[in-house]
Amino acid sequence: MTQAAPHPLTAQDCLVALMIAVSASDQNIRTAELVKIESSVNLLPLFADYDIDRIRVMSELVFELFSQEDGLDALFGLIRDNLPERLHETAYALACDVAAADGTLRETELRLLEEIRYELDIDRLHAAAIERGARARHLPG
């Protein structure tokens, strides 16, 4: 049985959990991805009142869920229950930024991004624009 988070997930928790899930999807969390998650939480107005210690709690939750057979479905269930629809595109943009942070999109990351698009019902055209923006922001110099 999964231990519940100390309090219900906030919208910010959901965003952090998704970013961590993308980073962990290939079983190798890279420094560039962690830096991207931390900088997003530190810099974006959406996270202004977010308790930075919750990143650890969300990491533990994601790792616990990923260790279970239907963990990804459970994660998406939590996100559907706790992330307002108005933040679905934001969630996808943050996930794309984490996936692109190390300069390489791996097959597992691409599959998870596809699943996120489906689960959050992101319009194809909007998804393409978000993906293009993430690629542009993370091109090597």
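Is Ile130 buried or exposed, and what is its relative accessible area? Ile130 is buried, because its relative accessible area is 15%, where buried means under 20% relative accessible area, exposed over 50% and partly exposed in between (1.4 Å probe, protein chains only). The model is predicted, so that local features need pLDDT of at least 70 and side-chain atom pairs count only at pLDDT 80 or more, while totals for chains, interfaces and linings use all residues. Residues are numbered from 1 along each chain as its sequence is written, and side-chain values use heavy atoms, with hydrogens and water left out.

**Ile130 in helix α7**
- Ile130 is found in helix α7, where helices are DSSP runs (H or I, at least four residues) numbered from the N terminus.
- Not counting residues up to four places away in sequence, Ile130 touches Glu89, Tyr92, Ala93 and Cys96, contact being defined as heavy atoms within 4.5 Å.
- Glu64 stands 66 residues from Ile130 along the chain, and the C-alpha atoms of the two are separated by 29 Å.

**Two buried histidines**
- His88 is found in helix α5 (residues 88–100) and counts as buried because its relative accessibility is 14%.
- A polar atom of the His88 side chain lies 3.0 Å from the backbone oxygen of Leu120, within the limit for a polar contact (a pair of N or O atoms within 3.5 Å; within protein, one must be able to donate a hydrogen and the other to accept it, and residues adjacent in sequence count only if both atoms are side-chain atoms).
- Leaving aside neighbours within four places in sequence, His88 is in contact with Leu83, Leu120 and Ile122.
- His138 lies in the segment after α7 (124–137), and at 15% relative accessibility it counts as buried.
- The side chain of His138 reaches the backbone oxygen of Ala134 at 2.8 Å, and, with neighbours within four places in sequence left aside, His138 is in contact with Lys36, Asp97, Ala100 and Ala101.

**The largest pocket**
- The volume of the largest pocket is about 220 Å³; on a 1 Å grid over the protein atoms alone, a pocket is an open set of points with protein on both sides within 12 Å along at least five of seven lines, and lining residues have an atom within 4 Å of a point.
- The lining divides into seven nonpolar, four polar and one charged residue, with Ala, Val, Leu, Ile, Met, Phe, Trp, Tyr, Cys and Pro counted as nonpolar, Asp, Glu, Lys and Arg as charged, and the others, Gly among them, as polar.
- At least two lining residues come from each of α1 (11–24), α3 (54–66) and α6 (107–119), and α6 gives the most, with three.
- Among the lining residues are Gln27, Phe63, Phe66 and Arg111.

**Helix α4**
- Helix α4 (residues 71–82) has twelve residues and reaches 17 Å from its first C-alpha to its last, close to the 16 Å expected at 1.5 Å a residue, the expected span being 1.5 Å times one less than the number of residues.
- The buried residues of α4 are Gly71, Leu75, Phe76, Gly77 and Ile79, and what covers them includes α1, α3 and α6.

**Positive phi in two loops**
- Most residues other than glycine have a negative phi.
- Gln27, in the loop between α1 and α2 (31–43), has a positive phi near 60 degrees and counts as exposed at 75% relative accessibility.
- Asp121, in the loop between α6 and α7, has a positive phi near 55 degrees and is exposed, with a relative accessible area of 68%.

How values were computed: 1 Å grid on protein atoms, 1.4 Å probe; cavity = no way out; pocket = protein on both sides within 12 Å on 5 of 7 lines; lining within 4 Å. Points joined across faces, edges and corners; volume = space filled by probe spheres on them.
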